[in-house]
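Hi everyone, thanks for coming along. Today I would like to walk you through a structure that may be new to you, so please have a look at it first.

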Amino acid sequence: MGIEIILDNCTGCGLCETACPFGQIEVVDKKAVIKSGCTLCGACCEACEFEAVLLDRLVSELASCVLELLGEGRKLADKLGEELAAVLPGHQVEGLCEALFAHGADKVYLAEHESLEAYQTESYTAVLTAVVSQYKPSVFLFGATTTGRDLAPRLACRVRTGLTADCTGLDIEAETGLLLQTRPAWGGNIMATIKTANHRPQMATVRPRVMKKPASVPKRTGEIVRIPAEINPKSIKAKRVEVIKYTDTAVQLDEADIVVAGGRGLQTPENFKMIEELAELLGAGVGASRPAVDLGWKPHPHQVGQTGKTVGPKVYIACGISGAVQHRVGMETSEIIVAINKDPDAPIMRTADYAAVGDLFQILPALIKEISSRKK
Ligand SMILES: Cc1cc2nc3c(=O)[nH]c(=O)nc-3n(C[C@H](O)[C@H](O)[C@H](O)COP(=O)(O)OP(=O)(O)OC[C@H]3O[C@@H](n4cnc5c(N)ncnc54)[C@H](O)[C@@H]3O)c2cc1C
């Protein structure tokens with residue numbers, strides 16, 4: 001179902017039971033039990049102090065991005081005086097509607113069918129095309145995730161409208177009510193604001209982790225509109241043969257509370273190990289600038305920036321990174337940015353909350369030594 005209790009870790013403390021906004025978890029015989037109406041909102045995972053509640057990574061990632069879109073969509077809908085709807089294709093997913101309402105949706109278009117259990121481009125495109133044709137939304141947003149990037153262009157083509165990919169900002173133009181879709185352009189050197197004046201819906205994919213998740217209002221309700229999922233099997237040309245989970249720990253980079261990232265200033269792959277050492281001490285994810293990736297010091301899943309991941313941790317420590325705009329778009333929503341750089345005029349200093357101006361070959365070993373000794 002996307003969530004499981006690790007019985008060996010569960011102490012029956014009840015933290016998860018208290019945290020669940022939907023009353024869908026209960027401690028029975030000193031072990032937590034999840035009920036069938038679980039919305040996969042993840043509140044129990046956050047509350048658990050024993051790593052006993054495991055939310056499927058895909059579910060939790062999708063949920064994060066969907067919630068961010070709902071938060072932003074709510075603001076846009078309120079400005080337009082329109083309702084906010086979510087589209088939910090899947091199989092036995094009705095339980096998720098509550099979470100969608102709690103995070104701002106007024107309506108959920110629910111398309112349930114066995115064939116929609118796993119994401120599949122053609123069937124999902126068919127469902128979304130039917131929703132757009134029938135209900136004619138003025139705006140349609142997707143997360144710029146692997147799925148969103150696959151699905152949104154197809155839908156845009158089917159319904160003959162434009163699509164602005166990878167937006168980092170959305171707003172409504174006061175005079176016209178048009179959606180203002182802002183994204184980095186020309187290699188990230190300018191921020192372009194794009195409008196879709198003549199076609200509907202106005203469609204955009206939005207970078208995950210740029211928008212903030214809204215707070216959940218558990219008693220908020222809405223309307224479920226059931227969409228017939230009539231999919232002609234002959235129209236499905238691709239088949240899912242196997243699912244292979246990607247297990248590289250780098251995937252957790254965009255979920256990490258702390259990210260330690262290294263750039264060209266590290267000079268060699270051996271020196272980059274200092275970044276890994278510091279990250280391990282802090283329980284942080286390891287990030288890298290594009291040159292550090294291009295030079296083969298770290299694989300691409302670690303890259304932060306326009307052509308890499310967007311991260312928004314509590315603390316981002318940039319070591320030997322100049323802070324070019326293409327890097328900054330991937331990390332500037334971090335709560336606290338610490339820059340270690342010998343150049344006081346490096347662009348990273350403009351976004352840094354704390355700057356250590358000096359030689360990283362002196363600062364990093366000193367930092368590692370100090371943190372190690374405090375941990376001991
Ligand atoms: C279309 C496009 C997409 C791009 N996408 C990305 C992306 O996703 N992510 C990304 O990172 N870049 C991206 N770039 C590249 C980006 O423009 C920069 O070139 C890159 O971010 C610079 O990486 P850097 O900061 O590691 O290296 P540099 O710019 O070379 O900076 C190295 C820094 O280290 C400092 N330094 C050197 N020695 C020391 C020392 N001993 N102690 C302390 N500090 C030291 C220097 O002062 C300097 O500020 C993209 C570019 C384009 C055109």
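Let me begin with a question: which elements do the buried residues of H5 pack against? Keep that in mind for a moment, and please remember that what you see is a predicted model.

Helix H5 runs over residues 121–135, which makes 15 residues. From its first C-alpha to its last it reaches 21 Å, close to the 21 Å expected at 1.5 Å a residue. Its buried residues are Thr-121, Glu-122, Ser-123, Tyr-124, Thr-125, Val-127, Leu-128, Thr-129, Val-131 and Val-132. And here is what they pack against: strand S5 (85–90), strand S6 (107–112), strand S7 (139–143) and helix H6.

H7 covers residues 269–282 and has 14 residues. Its reach from first to last C-alpha is 21 Å, close to the 20 Å expected at 1.5 Å a residue. Phe-272, Met-274, Ile-275, Leu-278, Ala-279 and Leu-281 are buried in H7. Those residues cover an arc of only 170° around the axis, so they sit on the same side of H7. If you turn to the other side of H7, you will find Glu-270, Lys-273 and Glu-280 exposed.

What do the buried residues of H7 pack against? Their partners are strand S14 (258–262), strand S15 (285–288), helix H8 (290–294), strand S16 (315–319) and helix H11 (360–375).

Asp-29 has a positive phi, near 50°. You can find Asp-29 in the loop between strand S2 (25–28) and strand S3 (31–34), and Asp-29 is exposed, with a relative accessible area of 73%. The other one is Arg-160, whose phi is also positive, near 55°. Arg-160 belongs to the loop between helix H6 (146–158) and strand S8 (163–167). Is Arg-160 buried or exposed? Arg-160 is exposed, and its relative accessible area is 67%.

One peptide bond deserves a stop too. The bond from Arg-200 to Pro-201 is cis, with omega near -5°. Pro-201 is placed in the loop between strand S11 (190–194) and strand S12 (202–206).

Let us finish with empty space. Rolling a probe the size of a water molecule over the atoms shows where such space is left. The second largest pocket has a volume of about 510 Å³. There are 26 residues lining this pocket, and Arg-264, Ser-289, Gly-320, Ile-321 and Ser-322 lie nearest its centre. The elements giving two or more residues to that lining are H8, helix H9 (325–328), strand S17 (336–341) and H11. By class, the lining of this pocket has 7 nonpolar, 15 polar and 4 charged residues.

How many cavities of 30 Å³ or more does the structure hold? There are 2 of them. The second largest cavity has about 80 Å³ of space. It is lined by 13 residues, and the closest to its centre are Cys-10, Cys-13, Cys-16, Cys-48 and Ala-52. In that cavity lining we count 9 nonpolar, 4 polar and no charged residues.

That is my tour, and I am happy to go back to any part of it.

How values were computed
Residues are numbered from 1 along each chain as its sequence is written. This is a predicted model: local features need pLDDT of at least 70, side-chain atom pairs count only at pLDDT 80 or more; totals for chains, interfaces and linings use all residues. Side-chain values use heavy atoms; hydrogens and water are left out. Helices (H or I, at least four residues) and strands (E, at least two) are DSSP runs, numbered from the N terminus. The expected span of a helix is 1.5 Å times one less than its number of residues. Buried means under 20% relative accessible area, exposed over 50%, partly exposed in between (1.4 Å probe, protein chains only). The arc is that of the directions from the helix axis to the C-beta atoms. Contact means heavy atoms within 4.5 Å. On a 1 Å grid over the protein atoms alone, a cavity is a set of points where a 1.4 Å probe fits but cannot get out, and a pocket is an open set with protein on both sides within 12 Å along at least five of seven lines; lining residues have an atom within 4 Å of a point. Grid points are joined across faces, edges and corners, and a volume is the space filled by probe spheres set on the points. Ala, Val, Leu, Ile, Met, Phe, Trp, Tyr, Cys and Pro count as nonpolar, Asp, Glu, Lys and Arg as charged, and the others, Gly among them, as polar.
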